[in-house]
Amino acid sequence: MTDMDDRPAARVVCLDRDGRVLLMHWYDSVDDAEVWEPPGGRLEPGETPLEAARRELGEETGLPGAAVLDRHVEVDRDFRWLGTRFLKRELFYLARFAGERPEVVPGALTEEERGAFRGYVWAEELPEGVEPPELAKVVERLTRDPR
């Protein structure tokens with residue numbers, strides 16, 4: 001039986017000046033799977049999704065949380081990570097950076113994250129294995145919707 005996790009989470013779609021998307025590269029040792037996804041994670045008690053997105057961006061990338069805009073789209077997620085199935089709706093926020101491929105320096109990864117972290121990329125094209133699989137549509141919605 002697989003454990004289930006439905007705790008709220010928030011993610012950040014980061015775009016550099018040329019529209020490249022920041023993807024964090026993780027390795028799931030339980031399922032022997034490579035995962036590429038935008039930075040983010042679960043909300044802490046008492047935290048709003050926007051606060052969580054800003055905190056997670058800083059922790060996972062060293063980029064300023066203040067860059068996260070107060071605009072988001074909701075994304076239904078169903079994925080596995082380290083033997084746990086995650087079935088939830090996550091809010092994906094937008095952050096834009098004026099520079100080309102800003103340096104990413106993870107500063108506050110958890111022990112689990114440090115063991116799984118394999119690097120990052122500012123992607124011009126989304127790689128195979130990107131999570132969520134519909135990330136290109138999420139980016140389009142975030143950059144198109146006037147919200």
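The chain of this predicted model has 147 residues, for which a compact globule would have a radius of gyration near 15 Å; the value found is 14 Å, which agrees. Along its principal axes, the C-alpha trace spans about 45 × 30 × 25 Å. Of the 147 residues, 48% count as buried. Contacts with a separation of 6 or more were also examined; residues 24 or more positions apart account for 71% of them.

The secondary structure comprises three helices and eight strands. Their order along the sequence is β-β-β-β-β-α-β-β-α-β-α. Side chains number 21 positive and 33 negative. The centres of these two sets lie 4 Å apart.

Helix H1 covers residues 49-61. Buried residues in H1 are Leu50, Ala52, Ala53, Arg55, Glu56, Leu57, Glu60 and Thr61. The cover over these buried residues includes strands E2 (9-15), E3 (21-28), E5 (40-42), E6 (68-81) and E7 (84-96). Helix H2 (111-116) also contributes to this cover. Gly62 follows H1 and has a positive phi, near 80 degrees.

Strand E4 (residues 33-37) contains Glu37. With a relative accessibility of 11%, Glu37 falls under the 20% cut-off and therefore counts as buried. Leaving aside residues up to four places away in sequence, Glu37 touches Arg11, Leu22, Leu23, Met24, Trp26, Arg77 and Glu131. One of these contacts, Glu131, takes part in a cis peptide bond with Pro132. Omega of that bond is about -5 degrees. Pro132 is placed in the loop between strand E8 (117-123) and helix H3 (135-144).

Positive phi values also occur in residues other than glycine, including Asp32 and Leu82. Asp32 has a phi near 50 degrees and sits in the loop between E3 and E4. Its relative accessibility is 57%, so Asp32 counts as exposed. Leu82 likewise has a phi near 50 degrees. The loop between E6 and E7 holds Leu82. This leucine is partly exposed, because the relative accessible area of Leu82 is 27%.

Key. Residues are numbered from 1 along each chain as its sequence is written. This is a predicted model: local features need pLDDT of at least 70, side-chain atom pairs count only at pLDDT 80 or more; totals for chains, interfaces and linings use all residues. Side-chain values use heavy atoms; hydrogens and water are left out. Helices (H or I, at least four residues) and strands (E, at least two) are DSSP runs, numbered from the N terminus. The radius of gyration is taken over C-alpha atoms; the globule rule is 2.2 Å times the number of residues to the power 0.38. Buried means under 20% relative accessible area, exposed over 50%, partly exposed in between (1.4 Å probe, protein chains only). Contact means heavy atoms within 4.5 Å. Lys and Arg count as positive and Asp and Glu as negative; His and the chain ends are not counted. The place of a charge is taken as NZ of Lys, CZ of Arg, CG of Asp or CD of Glu. The expected span of a helix is 1.5 Å times one less than its number of residues.
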